Amino acid sequence: MFDYIFFRLYCFYYKNEKRSTPVSTAALYLSVLQILMIFSLYMLVNISLKGKIALKELPMDGAYLKLGFVVFALLLNLFNYIIYKRKHKTLVEKFRNHPLNKKFKVWMLYILGAGLFLLPFLYRAILKMV
Amino acid sequence: MRFDNPPGWVQTGDLMFNIPGTEIISTAAGQGGVDGMDIANYIVSNSGTLVGGAQYGMHSLTNSQQWKYSYTASKYLKGKGINVQTRIIKHGANGVLKNASRNITYIGLALSVADVAIDGELRASHLLNAGMVGVSAIPFAGWIIGGSYFVADMITLGVTGQSIGQHLDNYVGNPLVDDIYNW
């Protein structure tokens with residue numbers, strides 16, 4: 001799934017960036033989506049459990065946790081960049097004629113990102129109403 | 001751990017020192033002191049605006065001016081014994097600035113997401129940060145808006161000592177969602 005998302009982002013930025021930095025840009029926005037997926041999943045589980053697995057309950061300063069998360073995000077981005085820098089040409093060949101290319105549009109990824117960020121708040125609002 | 005220091009003063013061990021601008025950050029956060037997160041936010045915000053400003057400046061130059069300055073830089077480096085082609089400096093500067101500003105926006109998003117997940121509250125500045133990441137992902141129009149936002153943020157920070165996000169939080173007052181885990 002991530003390979004295909006990267007391929008679509010790469011093709012999009014390759015056309016629009018005049019071939020300057022499409023791999024790093026596509027890897028960055030893939031990392032954004034991955035971070036938002038982790039965030040959304042964690043929040044959904046934690047909201048369902050009424051904060052029983054809340055990170056702030058850990059015997060650690062919240063500031064260090066946040067900084068740790070930022071370091072993790074940066075490492076994830078670096079990891080994605082290294083992986084996809086190596087295999088982006090193979091992915092282009094692999095997905096060039098993929099049947100999803102016509103149905104799946106890049107703007108859907110922006111909607112997906114916004115949706116992943118807002119989903120926990122929507123879920124909480126629904127739970128509150130019920 | 002937070003200390004009840006005077007606003008703007010940071011204590012590390014037995015030492016206490018002042019960081020310009022942090023006084024306002026601590027007031028905006030509604031806390032008595034400054035912690036690592038405030039400083040991290042401050043550094044990210046400042047470096048982001050600086051890179052954004054540099055990128056904006058680079059784009060405001062004409063192509064021939066960019067070549068001219070790259071040639072000057074190449075000549076200067078050659079004088080120092082470092083041989084770098086003018087073409088590499090010109091294209092490299094654009095790429096480095098572009099990547100740096102995007103990475104800083106990305107760190108801003110990671111900070112916002114971690115803030116929401118750990119503290120369990122959603123503030124207006126979190127939405128603004130997430131929105132700016134989304135906007136700066138859109139080619140051309142988004143890059144212009146993102147770059148302009150960075151410069152506006154830098155000017156706001158320089159003039160008032162608070163970023164646009166902090167002003168927004170102050171204006172809105174209470175968090176948009178308070179204690180998300182309690183329903």
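## A tour of chains A and B

Start where the two chains meet. The contact draws 40 residues from chain A and 33 residues from chain B. The model is predicted.

**Stop 1: the chain A side.** Select α2 (22–48), α3 (62–95) and α5 (107–129) of chain A. Each of these helices supplies at least two residues of the side of chain A that touches chain B. The largest share, twelve residues, comes from α2(A). Now colour this side by residue type. You will find 23 nonpolar, eleven polar and six charged residues.

**Stop 2: the largest nonpolar core.** This core has 42 residues. To find it, select Leu9(A), Ala26(A), Val32(A), Tyr106(B), Ala110(B) and Val113(B), the residues with the most contacts inside the core. Then show the helices around them. From chain A, α1 (2–16), α2, α3 and α5 each supply at least two residues of this core.

**Stop 3: Ala26(A).** Centre on Ala26(A). Which residues is it in contact with, leaving aside its neighbours within four places in sequence? They are Phe6(A), Leu9(A), Tyr10(A) and Tyr13(A).

**Stop 4: chain B as a whole.** Chain B has seven helices and two strands. Follow chain B from the N terminus: the order is β-β-α-α-α-α-α-α-α. Of the 183 residues in chain B, 34% are buried. Look also at how the chain folds back on itself in terms of contacts. Among contacts in chain B with a separation of 6 or more, 58% link residues 24 or more positions apart.

**Stop 5: Asp153(B).** Go to helix α6 of chain B, where Asp153(B) lies. Is Asp153(B) buried or exposed? Asp153(B) counts as buried because it has 23 C-beta neighbours inside 10 Å. Asp153(B) and Ser163(B) are ten residues apart in sequence, and their C-alpha atoms are 5.7 Å apart in space.

**Stop 6: two crossing helices.** Select α5(B) and helix α7 (residues 164–172) of chain B. Their axes come within 8 Å and cross at roughly 145°. The crossing of α5(B) with α7(B) is right-handed. On α5(B), show Ala124(B), Ser125(B), Leu128(B) and Asn129(B), which make the contact from that helix. On α7(B), the contact residues are Gly165(B), Gln166(B), Leu168(B), Asp169(B) and Val172(B). Colour the contact of α5(B) with α7(B) by type: four residues are nonpolar, four polar and one charged.

Conventions. Residues numbered from 1 in each chain as written. Chains lettered and ligands numbered in written order. Predicted model: local features only at pLDDT ≥ 70, side-chain atom pairs only at ≥ 80, totals over all residues. Contact = placed C-beta atoms within 7 Å. Helix = DSSP H or I, 4+ residues; strand = E, 2+ residues; numbered from the N terminus. Nonpolar A, V, L, I, M, F, W, Y, C, P; charged D, E, K, R; others polar. Core = buried A, V, L, I, M, F, W, Y, C linked by C-beta atoms within 7 Å. Buried ≥ 20, exposed ≤ 12 C-beta atoms within 10 Å, placed from the backbone. Axes fitted to C-alpha atoms, helices over the stretch in contact; angles between N-to-C directions. Left-handed = near helix turned anticlockwise from the far one by under 90°.
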